[in-house]
Amino acid sequence: MIADGVEDEEKWLAAGIAGLQQNAFYMHRALDSNNLRDALKYSAQMLSELRTSRLSPHKYYELYMRAFDELRKLEMFFKEETRRGCSIIDLYELVQHAGNILPRLYLLCTVGSVYIKSKEAPAKDVLKDLVEMCRGIQNPVRGLFLRSYLAQVSRDKLPDIGSEYEGDADTVVDAVEFVLQNFTEMNKLWVRMQQQGPAREKEKREKERSELRDLVGKNLHVLSQIEGVDLDMYKDTVLPRILEQVVNCKDELAQYYLMDCIIQVFPDEYHLQTLDVLLGAFPQLQPTVDIKTVLSRLMERLSNYAASSADVLPEFLQVEAFLKLNNAIGKVIEAQPDMPILGVITLYSSLLTFTLHVHPDRLDYADQVLGACVRKLSGKGKLEDNKATKQIVALLSAPLEKYNDIVTALKLSNYPRVMEYLDSETNKVMATVIIQSIMKNKTHISTADRVEALFELIKGLIKDLDGTLDDEVDEDDFKEEQNSVSRLIQMLYNDDPEEMFKIICTVRKHILAGGPKRLSFTVPPLVFSSLKLVRQLQGREENPFGEEESTTPKKIFQLLNQTVETLSNVPAPELALQLYLQCAEAANDCDLEPVAYEFFTQAYILYEEEISDSRAQVTAIHLIIGTLQRMHVFGVENRDTLTHKATGYSAKLLKKPDQCRAVYACSHLFWVDDQDNVKDGERVLLCLKRALRIANAAQQMSNAARGSTGSVTLFVEILNKYLYFFEKGNPQITVAAIQSLLELITTEMQSDSSTPDPAADAFFASTLRYIEFQKQKGGAVGEKYEPIKV
Amino acid sequence: MVLVLALGDLHIPHRAADLPPKFKSMLVPGKIQHIICTGNLCIKEVQDYLKSLCPDLHITRGEYDEETRCPETKTLTIGQFKLGLCHGHQVIPWGDLDSLAMLQRQLDVDILVTGHTHQFTAYKHEGGVVINPGSATGAYSSITYDVNPSFVLMDIDGLRVVVYVYELIDGEVKVDKIDFKKTTATTHSAH
């Protein structure tokens with residue numbers, strides 16, 4: 001059915017255009033032969049096409065535009081006629097003889113245009129006459145287009161200030177009056193469209209009305225362009241009249257469009273100065289009008305105006321803009337108790353942006369806005385509306401972006417209260433926004449209080465809030481979140497050790513509530529922050545008169561012990577072992593032997609009881625040996641115990657090559673360059689010999705299991721270690737020992753049962769080159785190496 | 001002219017939040033042909049970032065790395081040079097030149113790049129060059145005090161390599177360079 005309707009409309013439009021063009025043709029002929037009578041006759045017939053009721057506004061417009069073009073030619077003709085002596089007043093009379101009212105009025109407006117130009121009568125008189133005559137058309141579509149035509153032809157003939165049409169009798173007041181009247185009548189027609197037709201076609205009508213709205217709005221645009229309309233005239237005449245029409249028409253569509261139009265076309269300074277009046281209109285509008293959007297756009301405009309230049313800011317203060325807007329919003333919300341929460345948040349969001357732009361230093365204003373939000377949200381429990389939560393995130397992000405500084409945002413007492421109303425998902429989103437802001441601006445949070453406040457805000461990331469289910473969280477997302485918390489911990493810092501210790505304790509308190517899943521992300525950064533503090537304190541002398549409560553490395557180590565312990569809940573033994581060893585080294589540097597020993601004990605226990613994966617064991621052993629080798633704080637007994645254990649572990653690794661390497665690494669435990677009391681040549685040799693035995697065993701095993709003896713790499717490695725200690729001056733390492741090892745390797749490599757291994761060959765070759773090179777060096781080194789034959 | 005970026009021990013996020021901004025602005029994609037990384041990044045994000053600078057990325061495993069499948073050592077040939085890569089916690093005593101030289105002989109490489117100590121060093125000895133690019137973020141180390149963020153850029157051209165070290169000292173990037181020439185390649189014969 002509808003398709004038929006559209007098709008019919010096309011037909012009618014085509015017919016209309018055809019009729020119009022035909023009459024236009026004859027009209028042109030009449031114009032060419034200066035035949036006024038015929039010109040009028042055919043133009044009237046042409047304009048009759050515009051009397052149709054069959055076209056939708058969209059199609060009517062097409063017809064109208066063609067008529068408009070033709071009328072321009074007619075107007076030129078009229079002008080010529082007056083020059084030829086025809087009286088414009090007579091012409092004005094003549095056209096009124098046209099049979100039908102619509103063509104009559106179009107012609108009248110056209111002549112009127114020439115009349116005004118001729119200046120034979122004051123512009124205001126002609127305009128007044130025309131605007132009143134147009135009342136003859138009460139059909140909405142036809143009336144709107146007719147008045148639109150009037151507006152178009154009169155546009156450049158208004159008696160504005162500085163225009164040629166200004167005179168004693170004609171002033172800008174008359175111009176304004178004319179436009180206002182035209183506007184008022186057009187709005188009435190436009191509103192009337194709503195009542196026409198059956199109820200079921202309401203949607204169609206609204207669509208059609210939408211298409212016509214710019215015709216009505218144009219008048220406001222014209223008003224804004226009139227030079228003579230200054231602030232006073234706007235305040236006294238223009239705005240009140242427009243608002244009167246807007247309020248009285250009681251039409252939702254018109255009210256929404258026109259309020260928005262006013263805000264968009266008139267300058268922002270005017271809005272500031274008429275804020276009372278403008279805002280006063282809002283409560284009087286129909287309850288179904290989307291006021292929040294209009295208000296938001298108003299605040300947006302004013303925000304941008306404030307941002308455009310610092311000079312305008314005093315004006316805002318002078319008119320008490322914030323106060324008025326705040327009150328207006330409050331009134332609107334009160335008047336519409338059923339306004340969905342999204343609307344409320346949007347309003348406050350716009351107000352907050354406004355406040356941040358106009359009064360950036362008034363944190364109390366910003367806090368007020370947030371407070372109003374909180375009041376409105378209270379009693380509603382956690383929000384479930386997606387859009388509303390998005391708006392809240394926007395609301396809370398605004399101060400962060402403006403101040404570039406979480407510390408300032410933390411001063412807003414209502415900030416955390418608003419966050420209370422977010423569901424846990426959104427809480428996490430917001431927490432991430434906060435962390436990103438800190439990372440981007442490289443803000444350092446430097447007091448324990450602020451850290452406390454911050455962690456309260458981001459608690460969604462720190463721990464499981466009520467109601468979250470574990471399986472809901474995507475693993476990668478979780479990792480990303482926790483890594484960002486990890487990075488955040490790096491930003492919590494204060495030079496003063498006392499304060500820093502407080503910060504560490506605060507962070508610790510929060511992360512320990514995070515549950516096993518989070519600990520492996522959050523404990524390491526805390527540990528390293530603590531170790532950095534220890535190092536800072538190391539440099540200072542212990543103050544014998546210092547207070548009991550002051551921070552000492554010992555205290556920190558106690559805390560560290562308890563903290564690393566918690567990793568057993570995860571469980572994360574490898575990580576814990578690494579951290580214990582780090583702590584041991586730090587304790588070593590502080591000369592705290594018992595503390596260091598305790599850390600080593602913990603590490604060893606973990607190794608024995610919790611670390612069973614072969615690869616993990618190898619890494620752990622390397623770290624244990626490497627760390628122990630650097631310890632200087634241990635007395636003989638302690639050192640012996642730990643070393644004995646370490647070598648024991650090394651010999652018990654699963655794979656023979658790993659065993660071998662770990663054991664010869666242990667040789668370094670008995671020989672430390674800068675510690676003269678740790679240079680036990682015998683024990684070194686014992687280790688190396690043990691490593692050799694293991695390497696041999698590996699060869700035999702390989703022979704038995706695979707039929708070939710495998711690579712000689714291990715032997716070459718051990719050889720290199722022999723050379724190392726030989727050079728260091730270990731008397732137990734003799735030339736003979738080295739020589740026999742060289743022969744062993746050579747024999748093995750040449751043996752039939754060995755697997756060729758180019759890497760091992762190259763290794764041996766470069767070792768030999770090294771020996772040669774040392775010989776060439778001359779001096780003490782050269783002498784030492786001289787006896788070795790390759 | 002082949003540019004090779006050598007860096008490591010970033011320890012993100014455990015000990016550092018990010019690379020220093022002055023370093024980040026210097027490291028632009030498309031300028032570097034190879035990246036070798038000693039390890040301890042520690043998370044995938046850092047790996048992705050490095051990959052975005054240059055797709056030819058080589059990493060060895062550090063003890064804190066999240067990605068446990070990286071190898072303990074790696075060798076690669078760039079131009080006339082053979083490079084070896086290892087994190088270094090496996091070579092005891094840590095930072096000891098002679099022990100590192102042994103690893104160099106074992107891998108049979110001209111340039112050995114290791115880390116772990118967070119201390120920039122570049123040693124030349126008869127067997128070749130041992131380089132430690134330090135920690136690119138200046139991360140805490142139990143071995144080294146007052147770590148300055150540093151990384152190394154090697155310019156390999158024929159038989160010559162110029163090693164540029166970039167260090168962030170008191171907020172300013174200082175550059176130093178060291179020249180190494182390789183003697184004509186010797187053939188390695190097996191016994």
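1. Helix α35 of chain A is mostly covered. Of its 16 residues, 14 are buried. Bear in mind that this is a predicted model. The helix runs over residues 713-728. Its length holds up under a simple check: at 1.5 Å a residue, the 16 residues should span 22 Å, and the end C-alpha atoms lie 23 Å apart, which agrees.

2. K728(A) belongs to the contact between the chains. K728(A) forms a salt bridge with D98(B). The closest N and O atoms of this pair are 3.8 Å apart. On the chain B side, helix α3, residues 97-107, gives five residues to the face that touches chain A. That is the largest share of this face.

3. How many residues of each chain take part in the contact? On chain B there are 41, and they touch 54 residues of chain A. The area buried between the two chains is about 4300 Å². Carbon and sulfur atoms give 55% of that area.

4. Next, the polar side of the interface. Between chain B and chain A there are four salt bridges. Residue pairs in polar contact number 18, counting pairs with both residues at pLDDT 80 or more.

5. H622(A) is worth a look. H622(A) sits in helix α31 of chain A, which covers residues 614-630. Is H622(A) buried or exposed? Its relative accessibility is 13%, so H622(A) counts as buried; the cut-off is under 20%. Leaving aside neighbours within four places in sequence, H622(A) is in contact with H89(B), Q90(B), I92(B) and W94(B). Within chain A, R661(A) is 39 residues away from H622(A) along the chain. The C-alpha atoms of H622(A) and R661(A) are separated by 9.6 Å.

6. T506(A) gives another buried position. T506(A) is found in helix α26 of chain A, residues 497-512. With a relative accessible area of 11%, T506(A) is under the 20% limit and therefore buried. Which residues does T506(A) touch, leaving aside its neighbours within four places in sequence? The contacts are A448(A), V451(A) and E452(A).

7. An α-helix has 3.6 residues a turn, so residues three or four places apart point the same way.

Conventions: Residues are numbered from 1 along each chain as its sequence is written. Chains are lettered from A and ligands numbered from 1 in the order in which they are written. This is a predicted model: local features need pLDDT of at least 70, side-chain atom pairs count only at pLDDT 80 or more; totals for chains, interfaces and linings use all residues. Side-chain values use heavy atoms; hydrogens and water are left out. Contact means heavy atoms within 4.5 Å. Buried area is the accessible area (1.4 Å probe) that two parts lose on being put together, summed over both. A salt bridge is a side-chain nitrogen of Lys or Arg within 4 Å of a carboxyl oxygen of Asp or Glu. A polar contact is a pair of N or O atoms within 3.5 Å; within protein, one must be able to donate a hydrogen and the other to accept it, and residues adjacent in sequence count only if both atoms are side-chain atoms. Helices (H or I, at least four residues) and strands (E, at least two) are DSSP runs, numbered from the N terminus. The expected span of a helix is 1.5 Å times one less than its number of residues. Buried means under 20% relative accessible area, exposed over 50%, partly exposed in between (1.4 Å probe, protein chains only).
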